[in-house]
Amino acid sequence: MKPHPSSNPDDTLTRVAELLRRAHHVVVLTGAGISAESGVPTFRDAQTGLWARYSPEELATPQAFARRPHLVWAWYQWRRTLIRQATPNPGHLALVEIERRVPHFTLITQNVDGLHRQAGSRHVVELHGNIMRTICSREGTVVERWSQPEGEEPPACPRCGAYLRPDVVWFGETLPPDALQAAIEATATADLFFSVGTSAVVQPAASLPVEAVRHGATLVEVNLEPTPVTPFAHYVLTGPAGTVLPALVRAAWPAPAP
Ligand code: BJW
């Protein structure tokens, strides 16, 4: 049964901390919001500067890449540069701490920035790929080296000559089957599920929190604002993930007095 939401955020934090201490399998779904405090722009906040004219739906599609490969490649080059400069923030680090302390932990991320692994998270399921890997757009094979100098045009596959592209999942493409299967299985066995920093509008990831509730998990949402998942959440922790998640870890496992 869904508990009555408390109007006192400290009460909510205390209750969620208690659930976290007792949980058996904690599953966390993250979105771009958790990396925002590392300086990686989210998708549905206005894109900045040069890219303000485009929405992700216009750039992150196979059709966009076929029509304007140079534009899509340049967008990814810009994002790769930002991500190379980014480091994990306290939100990423709090999830590492939770993984260390609970019996079973699965981190399902929609992010392609690799910051969870960089922070030290071990059991990470990357649903939408990884921006730092490059694949051949025709063969789908990972390509690590190519001779063409970096420019605006996408480089060509050294084997078949097709354009190279980032190893990410675009709209209309299927998710990596192993990752999707792992996410579905973890969701079905979670007793505590967190939806963190995602607008929860992109399928199939957006269905996972609701599926977790259907399987009996307690759902906690961490976000700056309500999302389509909010009505299903048992607890809502409103605020930046980089503040809320470390506070939750401190409340669940207080440091012993010196
Ligand atoms: C903070 C914060 C702070 C900020 N602290 N919080 C069913 C119904 C309708 C449509 C579909 C459907 N099934 C499939 C579709 C089509 C489509 C889809 O979902 N479309 C919707 C837009 C309607 N899905 C697909 O095409 C998927 N493929 C698929 O399902 O294949 C089978 C199929 C195909 C076609 C038809 C039917 C079946 C593939 C989806 C791939 C998504 N790819 C992208 C790009 C990845 C590569 C790249 O990075 O460039 O993934 S799009 C983009 O959105 C990216 C993200 O991972 C994803 C989700 O975004 P996210 O992470 O939630 O970010 P934001 O910006 O939206 O939200 C940030 C949130 O953080 C906000 O809520 C803030 O408030 C919050 N926040 N600061 C806490 N400090």
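Which residues of α1 are buried? Before making the selections, note that this is a predicted model, in which local features need pLDDT of at least 70, side-chain atom pairs count only at pLDDT 80 or more, and totals for chains, interfaces and linings use all residues. Residues are numbered from 1 along each chain as its sequence is written, and side-chain values use heavy atoms, with hydrogens and water left out.

**Stop 1: helix α1**

Select residues 9–22, which form helix α1. Helices (H or I, at least four residues) and strands (E, at least two) are DSSP runs, numbered from the N terminus. The 14 residues of α1 reach 20 Å from the first C-alpha to the last, close to the 20 Å expected at 1.5 Å a residue; the expected span is 1.5 Å times one less than the number of residues. The buried residues of α1 are Thr12, Leu13, Val16, Ala17 and Leu20. They lie on the same side of α1 because they cover an arc of only 135° around the axis, the arc being that of the directions from the helix axis to the C-beta atoms. Thr14 and Arg22, on the other side of α1, are exposed. Buried means under 20% relative accessible area, exposed over 50%, and partly exposed in between (1.4 Å probe, protein chains only).

Next, display the elements against which the buried residues of α1 pack: β1 (25–30), α6 (90–101), β6 (192–196), β7 (218–223), β8 (235–238) and α10 (241–252). Contact here means heavy atoms within 4.5 Å.

**Stop 2: helix α6**

Move to α6, whose 12 residues reach 17 Å from first C-alpha to last, close to the 16 Å expected at 1.5 Å a residue.

**Stop 3**

Select His116 in helix α7 (residues 115–119). His116 is buried, with a relative accessible area of 2%. Beyond its neighbours within four places in sequence, His116 is in contact with residues including His92, Leu95 and Thr109.

Then select His128, in the loop between β3 (124–126) and β4. His128 counts as buried at 13% relative accessibility. Its side chain reaches the backbone oxygen of Gln110 at 3.4 Å. A polar contact is a pair of N or O atoms within 3.5 Å; within protein, one must be able to donate a hydrogen and the other to accept it, and residues adjacent in sequence count only if both atoms are side-chain atoms.

**Stop 3: the ligand**

A polar side-chain atom of Arg79 lies 2.6 Å from an oxygen atom of the ligand. A polar backbone atom of Ala32 is 2.8 Å from a ligand oxygen atom, and a backbone N or O atom of Ala241 lies 2.9 Å from a ligand nitrogen atom. The protein covers 77% of the 1500 Å² of accessible area that the ligand has on its own; accessible areas come from the Shrake-Rupley method with a 1.4 Å probe, and for residues only the protein chains shown count as cover.
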